[in-house]
Amino acid sequence: MAGNPVDSGATRLQGADPDVVRAAIDSRDPLPGTRGFAGLVDGRLVRDVLGRYPLFVEWNDPTTWAFEPGNLLAPVAVPAGHVQDHQGFTQYWTLPEPSLQRGRDAIETVRSALKTALGTVETGGLAIAFSGGVDSALLAARLDVPLYVAGFPESHDIAAAREAAAFLDADLRVVELDHETLRARVPDVVAATGRTNAMDVEIALPLYQVASTAASDGFDRLAVGQGADELFGGYAKVANPSAHSRVAADTVRAARREGLETLPDQLERDVLAIRAGGVEPVAPLLDDRVVESALSLPGSLLVSARGDRKYAFRLASRAWVPDRIAFREKKALQYGSLVARELDRQARQAGFKRRMDDHVTQYVESIED
């Protein structure tokens with residue numbers, strides 16, 4: 001296990017051209033036109049404002065760093081939006097508050113941003129992690145590459161993916177999970193992400209399985225729809241923040257902002273799981289242009305008057321996907337794939353009962369040991 005020392009003047013960067021990042025540091029521009037970045041630039045560690053690429057340092061030695069936590073003895077994530085300087089890590093970037101756009105102009109701004117972001121994605125060696133929801137369906141409609149879905153045979157995600165792929169006339173490979181695979185892959189996911197809590201493992205596992213299957217089929221990159229829910233108000237707690245005790249905000253836009261603060265931690269998990277599967281993730285919906293268009297939306301275009309979440313995103317996506325898909329509600333990955341249900345079942349069969357505190361996490365830790 002060995003990290004990289006911070007070498008004064010050295011540059012080793014993921015996700016963006018070093019000159020773009022240098023300009024962003026000088027101007028403190030949080031959205032310089034990238035899909036995120038992290039690494040070493042001129043002897044300083046940097047991580048973009050949304051933490052779209054993981055970056056870690058040793059907890060007692062911030063001059064030793066790595067892109068993967070397993071390469072350090074006691075890894076600590078570099079905070080999103082921070083740059084290493086003589087004072088340590090200093091926050092250089094925060095998300096902007098652009099002027100609000102409304103009505104058709106706002107929808108067209110989102111649509112244009114999506115078109116531009118997806119138009120810059122190279123499709124050679126690319127596959128798509130596909131659930132049949134509007135996020136991954138938009139990727140499928142614009143990128144025209146093979147699709148992969150993972151889940152238990154009777155899962156919602158497999159059924160939705162088959163239906164949506166047929167609508168889009170796209171090639172779909174179904175990666176069916178079973179209990180033996182579930183148990184075998186848990187240690188791989190724990191090793192890759194450094195996490196044993198049930199929810200993280202339940203989300204990372206189908207991503208890992210899709211990634212490893214795509215890699216075995218010869219693909220080296222996997223496009224994912226990550227970020228759309230956080231950017232465009234896809235969660236129930238954003239639509240009705242007052243009904244959720246864990247949400248401090250009292251407006252839709254403020255609740256969306258709270259949700260965006262969770263992205264660095266989520267993306268760290270997802271990127272590490274996908275990379276462990278043998279491919280590099282590509283997240284077009286987290287392009288800076290898409291981020292900026294989402295931040296300019298009023299609450300009424302995040303959640304419609306009748307309760308449609310991700311309203312502007314769905315309206316914009318209608319340019320490429322049918323309404324049946326554009327307005328389809330989806331389940332969270334751990335539930336739509338049935339991984340959460342089946343991991344719970346395995347835990348109980350192994351003697352970890354629901355009356356025990358966080359019984360699935362205890363089961364995961366018993367496998368990992």
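Axes here are lines fitted to C-alpha atoms, for helices over the stretch in contact, with angles running from 0 to 180 degrees between N-to-C directions. The model is predicted, so local features need pLDDT of at least 70 and side-chain atom pairs count only at pLDDT 80 or more, while totals for chains, interfaces and linings use all residues. Residues are numbered from 1 along each chain as its sequence is written, and side-chain values use heavy atoms, leaving out hydrogens and water. Helices (H or I, at least four residues) and strands (E, at least two) are DSSP runs, numbered from the N terminus.

Start with a helix pair. The axes of H5 (residues 179–193) and H6 (residues 198–216) come within 9 Å and cross at roughly 100°. That makes H5 and H6 roughly perpendicular (the label covers 65 to 115 degrees; under 35 is roughly parallel, over 145 roughly antiparallel, and the rest oblique). By class, their contact has eight nonpolar, three polar and two charged residues. Nonpolar here covers Ala, Val, Leu, Ile, Met, Phe, Trp, Tyr, Cys and Pro, charged covers Asp, Glu, Lys and Arg, and the others, Gly among them, are polar. Contact means heavy atoms within 4.5 Å; on the H5 side the residues include Leu182, Val186 and Val190, which meet a set in H6 including Val201, Leu205 and Tyr208.

Next, the sheets. Two strands pair if DSSP finds at least two bridges between them. An open sheet of five strands runs S12-S11-S10-S13-S14 with parallel pairing. Its edge strands, S12 (172–176) and S14 (280–282), each pair on one side only. Neighbouring strands in this sheet are turned by 30° against each other on average, direction ignored. S13 (residues 221–223) and S14 share three bridges in the parallel sense, with Ala223 partnered by Val282 of S14.

H3 (residues 134–143) lies across S10 (126–129), S11 (147–151) and S13, at about 155° to S10. H4 (residues 156–168) lies across S11 and S12, running at about 170° to S12. H3 is mostly covered, with eight of its 10 residues buried (under 20% relative accessible area; exposed is over 50%, partly exposed in between, using a 1.4 Å probe and protein chains only). Just past H3, Asp144 takes a positive phi of about 55°.

Finally, Thr361 sits in H17 (residues 359–368) and counts as buried at 7% relative accessibility. Its side chain reaches the backbone nitrogen of Ala198 at 2.9 Å. Not counting residues up to four places away in sequence, Thr361 touches Thr196, Asn197 and Ala198.

Terms used. A polar contact is a pair of N or O atoms within 3.5 Å; within protein, one must be able to donate a hydrogen and the other to accept it, and residues adjacent in sequence count only if both atoms are side-chain atoms.
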